[in-house]
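Good morning, and thank you for coming.

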Amino acid sequence: MIPSRLSALAALVALAVVPWVLARHQLSLLTDLLIAGLFAMSLDLIMGYTGMVSFGHAAYFGLGAYASALVLLHFAQPVPVALLAGALLAGAVAVPVGWFSTRATGIYFAMLTLAFAQFLYTVAYKWRDLTGGSDGIAGVPKTPLFWGGPSLASSRAFYFLVAACVVLSLFVCRAVVRSPFGRALQAIRENERRFTSLGRDPRPFKLVVFVIAAVFAGLAGALFAPFRGFASPEVMFWVFSGQGLMMVIMGGIGTLVGPVLGAMLFILIQEVLSSYTEHWMIFTGVVFVLIVIFLPGGLVGTARRLGARG
Amino acid sequence: MTPLLETRGPTPLLETRGLGRAFGALQAVAGVSLAVQPMELRAVIGPNGAGKTTLFHLISGLLAPTAGHVLFRGDDVTALAAPARCRRGISRTFQITSIFPELSVLENVRIAVQLKIGDNFRLLGGRAVLEASEQRARDSLRLLGLDDRADELASTLPHGDQRLLEIAMAAAQEPALLLLDEPTQGLSPEDTAATVAVIRQVARERKLTIILVEHDMDVVFDLADRISVLHFGQLIAEGTAAEIRANAEVQKAYLGGLD
Amino acid sequence: MRRRDFLKVAGGAAAGVSAPIYLRTAWAQGPIKIGMPAALSGSNAQYGIQARRAAELFARDIKAKGILGRPVEFIYEDTGGDPATAVRKAQKLVEKDGVKFLTGVVLSSEALAVSAKCPEWKVVFMSTINGAGALTAKAFHRYFFRVNTSGPMGARAVSLYLAESPMKRFFALGSDYAWGRDSVGSFTTQITAAKKEVVGTDFPPVGTKDFASYIAKIRQSRADGVYLALPGQDATIYLKQAHQFGLNREVKPIMEILELENMKAVGDAMVGAIGSSRYPFTVDTPKNRDFVKRFHDLHGIYPDMFDGETYEGLEWLAQVIGKAGTDDVEKVIDAWEDSSYEGLEGPFFMRKCDHQAVQPGFAVECVKDPKYPHPIPRILATYPGEKVTPKCRTEEFS
Amino acid sequence: MANLLEQLLNALALAGLLFLVSAGLSLVFGILRVVNFAHGVFYMLGAYLGFTTVALSGWFWPALVVVPPVVGVLGALLESSTLRFIYRRPPIYQLLLTFGLALILEESIRVLYGPTAKGVEPPPLLQGAIDLGGVLYPRYRLFLVVLGCTVGVAVWLFLSRTRAGLVIRAVAQNSEMADCLGADVARVRTLVFGAACALAGLGGVAAAPMTTAYLGMGINVIVDAFVVVVIGGLGSIGGSMAGSLIVGAAQTWGAFYLPETAMVIMYAVMGAILVFRPWGLFGEEE
């Protein structure tokens, strides 16, 4: 327990000082990694803790991004308002989708979430007046933290906003998975039939966690839009959902912090390799396959197992 | 729950009336009427495929019947799904061990308690719920003799202990009625004897009513107050151990049913 | 080192041993860096690769003299055709590599996202590929320049040609995304203005692999020609299938852009298709003949549209930096506005009002020529820049 | 009338192609309990190898015979060198492993063949269109209809009339049956995986003259194939047939009658079916 507290503290300190250590582009990259990490972490709530594999999680990231982009562009509200809008829209849409999708389990659940996500993608793609269609919405501004408050335009300021959101989300998610509710989720993951026979219908639990995961994915998307300055349908595409699953597995399923690291690793591999070869996907694929075969717990799971041993 | 009925004499804790379940053309359970009194230990026996597990599914609510009714404490619970029946006081174990393999032994039992006592949608905090349920879980583990393995992963327990763990989960829910589906299946003779002792102790200490499906006749005759015999989905006999032993039809069914 | 074609002026490593000392001092100033966040993987990779091919040739050509006596360094980054990655890569090029000029962006969604960031970064974004009309209209800003023919300009060239053809009825088939819909929109406006009829319109999704339903509709519409705004792979599949249905003989394919890429993949089934070309490599000017030869010597193939357009952009940019006498972004922009350039296929002029390069437009036909291993574009008509360029900051024509 | 005939043939030709891909996907799920994301890449590989065979031999027909076994062997090799080690893990690991394999294979094909699509000419016998009572219809598409039906019947005969087929069906219907196969499980898995890849390869060869061989065709088709098998019910060959027909019809008729819905019609159909039958038309509750 103590080493993990220590490493958490070290990570916090590191997050706080890196803006003065890293070069500007590295700080932007780190901001990007943290946003992707938040997305992967939210996916871990349903995938790692409840055993529900969603193939449509990108849709909620995308909803958050669009809501945030529209709020910032058309109403010029402070960034936190956009974040709230993004998270709420994602959560609200997840309610009906989750209600239908949780009727099925396993691969059928995955396909239902995929179907709904593709539907949402198509709406974003086709509703050109609102979303700009395939071109998306560009020129999303970084408004201040609140009116008259500190500007978020600098990469350092925005980094701190993102880091704060990610750390806070991580704490909230940790509290959720350790709460009576979170414990119930893990029991559902382990044995849904047993869970039912112990006196509760698993569906409401699944629905609630599905919505919570969507809210955090929406928050990640809502941070993405002002950070990158745009929202486009690509962020809702199923390929991004699939990448999210890869991030979770690489980092360590069911560890929350693992998927954040997994997302970082995933993007860093791409970032570094794609400067040297356009065939970087081969290497990403190989690294991923090796991790799946040889490190079943992902980075964090493996590290913990080694730590427990030695 | 329904004190009105008690004035008319002893209400059975569980009653089934003409209970039946068909899978397509196959009548797995047909017209079964049972009455189990409070504190009774009832065994249900029958050859393979007699419909015992299906009967359990019908009583616990995992399957909906195609005919008949289930009454619990005099109330008709036929329309209730499994979770609701569990909350009313029917807990069960499964023929094929059904636990939460990658959770600790303690957590397996604790979850059983938590799901029974509620407040399951507490998303943050909930320390009180966790502590209260943990206390009850530890009691149950102690009762079943598993307290020294509380922190191990359930999947790492030997088979016999996993069977016990399942009983611990059900018992921790402090049900009125406990359904045990072949609790000694696959156990060595020593483990079987120990399990029989534990079941008897649980029944006594927790004042439980138990229905037991069992293949091992020694266990059945040792434990059961009364025995019901199923054959091809129908109830062909009911009575005490001695009565069942003497029943010609039962003997025929068993001789004909087994190879 | 594949990605970083470090080109050093006369004193560079390759030529270097015997180079006089005074030329080496030129290094001290450091290279002029051009960043290319291009789609080199993914389904639009062929366009990013075209841009890179052009840059490779340009790098070789300018090696001898450099720009302002400084070496030119190209830095290629793969975006995979994803706008989020494109912005990240562009930001890396700007913040880490100190690039002042970005080009080679492939998709219009990528271009719009990257372009929106350029005023903040204070770098020039030179489009040599992106067709979206909005880039020089609604989304226009001082740091954006478009050297290439835009989508509306291509549609304009085709429409001008069709206005004089005997064909009267047209079906319009555009891919269901911004470029496809915009192209069909401007085609419809202009063909209607020419007193001809668009008898049907459809928007198949990007990545459609079976066009049979659309082919049936086009046949039933009894159109004389079908206007196609389909991206490379979709166009290839459509043309193949229409050929198998025997439709190409009945309804003439009219392509928004007629690319070599399609001609190579479709082969003889494409002969007879007409359309606009942003740069047909068969254009007969001395400068182009020389370019095609140099290109073929280097890459062993004939240049496609974006090979030509990107080369022109780079050459023009070098010329403008030379004119400005500095690579300072603001001064380069000032020097570029209202400047002229002799392109491969004719005169170019950079309008100050929306930074759209005014340049000739072409209507071409796909023909067979025994001299080439694949069908080639034959020029049917050439239109002067004024006729094919829209009114300033609009997508409309006078 | 002629229009209806054409619509029907269009749906059938597409369904034929989809069946060749989805049958293997469904079979692999039935036997191995693996959702094989790399399946589409084997289809793509089939198309490219078909191109190579045609280019080398100058003939189309040999490609139909030569390519599927080659793709099948490659698939079997991949199964026995990667998937074999992780069957005990939760299904998501196998799915994502095949996702990684798909990335590697797809990019390898790009390295070998470059980004430009490769056109494949149909054999002379199947070039051009024939007049079917007022409908000018491509001979090659008629061939696809015939091929789809032939393979469908062949697979069905194999599964219902041969011993090996019966074993496979038994395992597909009841995963616990796999244990009854004893030591042969590993071999059965490898063979089934290889056979499924060979079917996908056959689909790729057959698709090449219609769509050309192009990068992205694997990803493009795998999503369709997933929808097909999910609609039909995972593990059910009859379900794959039904699913192929439904998706083929939805895509071609949707594009014709409801063109604005072309992007989602397939998902809408799948969603509607799953909402009412969460385990697909012919699937069984897990």
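In the contact between chains A and D, 31 residues of chain A meet 31 residues of chain D; two residues are in contact if their C-beta atoms, placed from the backbone, lie within 7 Å. This is a predicted model, in which local features need pLDDT of at least 70 and side-chain atom pairs count only at pLDDT 80 or more, while totals for chains, interfaces and linings use all residues. Residues are numbered from 1 along each chain as its sequence is written, and chains are lettered from A and ligands numbered from 1 in the order in which they are written.

On the side of chain A that touches chain D, the elements giving two or more residues are α5 (106-126), α11 (238-251) and α13 (280-294) of chain A. Helices here are DSSP runs of H or I with at least four residues, strands are runs of E with at least two, and both are numbered from the N terminus. The largest share of that side, eleven residues, comes from α5(A). By class, it has 22 nonpolar, eight polar and one charged residues. Ala, Val, Leu, Ile, Met, Phe, Trp, Tyr, Cys and Pro count as nonpolar, Asp, Glu, Lys and Arg as charged, and the others, Gly among them, as polar.

Let us turn to chains A and B. Here the contact takes 31 residues from chain B and 20 residues from chain A. On the chain B side, α3 (82-88), α4 (105-117) and α5 (127-144) of chain B each give two or more residues, and α4(B) gives the most, with five residues. That side of chain B has 18 nonpolar, seven polar and six charged residues.

How is C:Leu112 placed, buried or exposed? C:Leu112 lies in helix α4 (residues 108-121) of chain C, and it is buried because 28 other C-beta atoms are within 10 Å. The cut-offs are 20 or more such atoms for buried, 12 or fewer for exposed, and partly exposed in between, with C-beta atoms placed from the backbone. Leaving aside neighbours within four places in sequence, the contacts of C:Leu112 include A:Asp135, A:Gly136 and A:Ala138 from chain A, and C:Ala132 and C:Leu135 from chain C.

Within chain D, helix α9 (residues 217-232) and helix α10 (residues 237-257) pack at an angle of about 120°, with their axes 7 Å apart. Axes are lines fitted to C-alpha atoms, for helices over the stretch in contact, and angles run from 0 to 180 degrees between N-to-C directions. The two helices are therefore oblique to each other: under 35 degrees counts as roughly parallel, over 145 as roughly antiparallel, 65 to 115 as roughly perpendicular, and the rest as oblique. Among the residues making the contact are D:Val227 and D:Ile231 of α9(D) and D:Ala242 and D:Ile246 of α10(D). By class, this contact has seven nonpolar, five polar and one charged residues.

Finally, the strands of chain C. Three bridges join β12 (residues 340-342) to β13 (residues 347-350), and these strands run antiparallel; strands pair if DSSP finds at least two bridges between them. C:Glu342 has C:Pro347 as its bridge partner. The hairpin of β12(C) and β13(C) has four residues between the strands, and C:Gly346 in the turn has a positive phi of about 150°. On β13(C), C:Phe348 and C:Met350 form the covered face, and C:Pro347 and C:Phe349 the uncovered one.
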